Amino acid sequence: MLSQQSPPQARQSIRQLGASKIREVANAAMSGQDVLAFWFGEPYQATPEVIRFAAQEALSRGDTFYHHNLGIPALRQALSVYLSALHGAQIADQRVAVTSSGVNALMLCAQLVIGFGDRVVAVTPLWPNIVEIPKILGAQVVTVPVTLSDPTATISDWVLDIDQLLTQLTPGTRAVIINSPNNPTGWVMPRQQMEVVLNHCRKHGIWIISDEAYSRLVFDGSYQAPSFLDIANEQDLLLIANTFSKSWQMTGWRLGWIVAPYSLMDDLGKLIEFNTSCAPGFVQQGGLAALNAGPKIITDFVDQLQESAALMEQRLAAIDGIQIGRPRGAMYAFFKVAGRTDSLAFAKHLVREHQLGLAPGIAFGAEAEGYLRWCFAKPLSVLNEGVDRFVGALKP
């Protein structure tokens, strides 16, 4: 008689990971027609031509071979110049590593400093990948949420209780993860709070992993969010993850970077080798062209986003039962609908019955249940049509 065997399984920490509920909603629409999709965080425009042309030229030259683990020298040097000018401090190219996407940068940062059983604190709501990455490594994640400044108002700001965060950053905590500007809320961490966190983490030996994917997408006219790079020194326990995806409209290119202390660069090179070996050379040439193109690509995009954010705030605020957290950056409206407590079921209903694709709040953590995320990096006409469909969905 054959023995009864259990089916093969992944290790427990992997089985316990939460699957993407954004993808779950998107999958529900695969057979749908005329769906207006606002669930993913990406612009509707193709990457600017100057960037595409540089990659095409590199391919035509035969740039199809392996490159240095940490990136081609020209791109690392260009990132050094770009970052040094942006943050008013010399950031040497020897501290910069090119990665195969921003999410790869986040995984590499975690692999560098987080291990099994470590305690990690994350400021939430948060893109689910960032919360799940430490769990893949066997760490325990504690969350501290941003909240609305006036929970009774139709429109209010997102704020972080800094004392609540510091209370969780206890001695022995391995790392804190902060994403600012934030996906999904659009919250931007003030520089004063960054200074408090940095000083606290220096005192207790806690790593800061700062996801700055949306660092240029802010709506105060500066085109630059506060960064830990503005205030940190080369010896601080600080890892910065960033990407070309958002600011340069390069989501499909999968190109990012890390800024790390000098002492970690050899180990970071090893991790890149064992993960992806290197980012493709022709893709890196696209990134180099993006940096060399100057700021207009970014500022034009931000101006479009700011106009879209204003439209969404105006239209959503006019709907009874809507509560909006005003985004100060990124590309999302994050809002609550009175009486809708199951955001996943509501999002599936919207896509199946009204051809409207939004991301459910529960995808970003339990504290975000009841919310929906709407990516507004779309033409105004498309946003207006989407809101019209949403209004129709709310009618009894």
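Two strands count as paired if DSSP finds at least two bridges between them. The views below come from a predicted model.

**View 1**
Strand S11 covers residues 322-326, and strand S12 covers residues 332-337. Four bridges join the two strands, which run antiparallel. Look for Gln-323: its bridge partner in S12 is Lys-336. Strands of a sheet pair through backbone hydrogen bonds, either parallel or antiparallel.

**View 2**
S5 and S6 run antiparallel and are joined by two bridges. Leu-148 stands opposite Trp-158, a residue of S6. A hairpin of six residues connects S5 to S6. The next pairing, S6 with S11, is parallel and has three bridges. Here Asp-157 stands opposite Arg-326 of S11.

**View 1. Helices H5 and H6 cross.**
Two packed helices are described by the angle between their axes and the distance between the axes. H5 spans residues 102-113, and H6 spans residues 128-136. Their axes come within 10 Å and cross at roughly 35 degrees. The crossing of H5 past H6 is right-handed. On H5, the contact residues are Val-103, Leu-106, Met-107 and Ala-110. On H6, they are Asn-129, Ile-130, Ile-133 and Ile-136. What classes of residue make the contact of H5 with H6? Seven are nonpolar, one is polar and none is charged.

**View 2. A salt bridge links Lys-348 to Glu-24.**
Side chains of opposite charge can pair when their charged atoms come close. The structure holds eleven salt bridges. In the one shown here, the closest N and O atoms of Lys-348 and Glu-24 are 2.6 Å apart. This pair links distant parts of the chain, 324 residues apart. Lys-348 sits in helix H12 (residues 343-354), and Glu-24 in helix H2 (residues 21-27). Is Lys-348 buried or exposed? Its relative accessibility is 19%, so Lys-348 counts as buried. The cut-off for buried is under 20%. Glu-24 is partly exposed, at a relative accessible area of 32%.

**View 3. Arg-326 and Glu-313 join a strand to a helix.**
Arg-326 belongs to strand S11 and Glu-313 to helix H11, and the two are 13 residues apart. Arg-326 counts as partly exposed at 24% relative accessibility. Glu-313 is partly exposed as well, with a relative accessible area of 21%.

**View 4. Arg-389 and Asp-34 bring together separate parts of the chain.**
Arg-389 forms a salt bridge with Asp-34, and their closest N and O atoms are 2.8 Å apart. Arg-389 lies in helix H13, and Asp-34 in the loop between H2 and strand S1 (36-37), so the pair ties together parts that are 355 residues apart in sequence. Arg-389 is buried, with 15% relative accessibility. Asp-34 is exposed, with a relative accessible area of 54%. Salt bridges that share partners join Asp-34, Glu-385 and Arg-389 into one network.

**View 5. Gln-235 lies in a loop.**
Where is Gln-235 placed? Gln-235 is in the loop between strand S8 (207-211) and strand S9 (238-243). At 65% relative accessibility, Gln-235 counts as exposed. Ala-260 is 25 residues from Gln-235 in sequence. In space, the C-alpha atoms of Gln-235 and Ala-260 are 9.3 Å apart.

Terms used: Residues numbered from 1 in each chain as written. Predicted model: local features only at pLDDT ≥ 70, side-chain atom pairs only at ≥ 80, totals over all residues. Heavy atoms only, no water. Axes fitted to C-alpha atoms, helices over the stretch in contact; angles between N-to-C directions. Left-handed = near helix turned anticlockwise from the far one by under 90°. Contact = heavy atoms within 4.5 Å. Nonpolar A, V, L, I, M, F, W, Y, C, P; charged D, E, K, R; others polar. Salt bridge = Lys/Arg side-chain N within 4 Å of Asp/Glu carboxyl O. Buried < 20%, exposed > 50% of the residue type's maximum accessible area, 1.4 Å probe, protein only.
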